[in-house]
Amino acid sequence: MALLTATCAAPAAGNVKTRLVPPLSYDEAAALQTAFLKDTAENIVRATGLCPCEGVVAYTPVGSEPIVEALVPKSFRLVCQRGEALGERLLSATADLLAARYASVCLIDSDSPTLPLAALTTAVALLALPGERVVLGPAEDGGYYLIGVKALHRELFAGISWSTDRVFAQTVARAGEARLDAEVLPRWYDVDDRPSLHRLCEELFGAPAGPYGGLDGYHAPHTRRLLARLLSSARERVWPQPLFGGRLW
């Protein structure tokens, strides 16, 4: 059985999505993170109906269990990330989940609420193939939205320049050094700054289909509803120049 694991920080004003302040307020940024997590979790639930996998959320910080538990399905297992640096937290989550004797683990960034379902099901299918490998979903900012493994490979999380545009390339290099096949999914995007917020609005409210092999992104109902409310009262602040009309539906 594979684990699809949404990684997140518990939504709290001033602690999440701070690069979106402005144009958002701290409370609005936290509400957006809440919507992102709900949509990511529901997308994972859809994947569990199509392939042999289960849903998990790996959260931080310690003590935020009640907040996170209220935002994800009751079927999800909760795992607290350990460590200070991002690489340490990702490594600890992977180690803890593999220690529970699951066949594979995918860590999924909850900053991509419209990630196509095909990205999740393809990752599970690739990890079910014989032989050791790492599955990576590259993000357009140079990071990755997904990393999947069948065994613990510490080198994949060591010596990485986290939060830079070199993360994906460095991880692929680490995989090569470890003689791991790197299976690369199509690119998608994270939402963590003003331009990517505008792109999300375009995708949800009028843009053409996303660039994932001709497939549309996930419809992200929680994110859509929240943004529709914000845009109805603060369009000029949140999304001032829609390219495709920007109807709110």
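Predicted model: local features only at pLDDT ≥ 70, side-chain atom pairs only at ≥ 80, totals over all residues.
R19, D192 and D193 are linked in a network of salt bridges. Side chains of opposite charge can pair when their charged atoms come close.

The side chains of R19 and D193 form a salt bridge, with 3.5 Å from N to O. R19 sits in the loop between β1 and α1, while D193 sits in the loop between β7 (181–184) and α6, so the bridge ties together parts that are 174 residues apart in sequence. D193 has 22% relative accessibility, so it counts as partly exposed.

Now widen the view. The whole structure holds 8 salt bridges. One of them joins the side chains of D111 and K17, at 2.4 Å from N to O. Which parts of the chain does this pair connect? D111 belongs to the loop between β4 (104–109) and α4 (117–127), and K17 to the loop between β1 (2–9) and α1 (26–48), so the pair ties together parts that are 94 residues apart in sequence. Both D111 and K17 are buried.

Another salt bridge involves strands. The side chains of E183 and R133 meet at 3.5 Å, N to O. E183 is in strand β7 and R133 is in strand β5 (residues 133–138). The pair links distant parts of the chain, 50 residues apart. Are these two residues buried or exposed? E183 has 23% relative accessibility, so it counts as partly exposed. R133 has 7% relative accessibility, so it counts as buried; the cut-off for buried is under 20%.

Next, turn to two helices. Helix α6 covers residues 194–204, and helix α7 covers residues 221–238. Their axes come within 11 Å. They cross at roughly 115 degrees. The crossing of α6 past α7 is left-handed.

Which residues make the contact? From α6 come L197, H198, L200, C201 and L204. From α7 come T223, R224, L227, L231 and V238. Sorted by class, the contact has 7 nonpolar, 2 polar and 1 charged residues.

Start at R19, D192 and D193, linked in their network. Move to the buried pair, D111 and K17. Go on to E183 in β7 and R133 in β5. End where α6 passes α7 in its left-handed crossing.

Terms used:
Residues numbered from 1 in each chain as written. Heavy atoms only, no water. Axes fitted to C-alpha atoms, helices over the stretch in contact; angles between N-to-C directions. Helix = DSSP H or I, 4+ residues; strand = E, 2+ residues; numbered from the N terminus. Left-handed = near helix turned anticlockwise from the far one by under 90°. Contact = heavy atoms within 4.5 Å. Nonpolar A, V, L, I, M, F, W, Y, C, P; charged D, E, K, R; others polar. Salt bridge = Lys/Arg side-chain N within 4 Å of Asp/Glu carboxyl O. Buried < 20%, exposed > 50% of the residue type's maximum accessible area, 1.4 Å probe, protein only.
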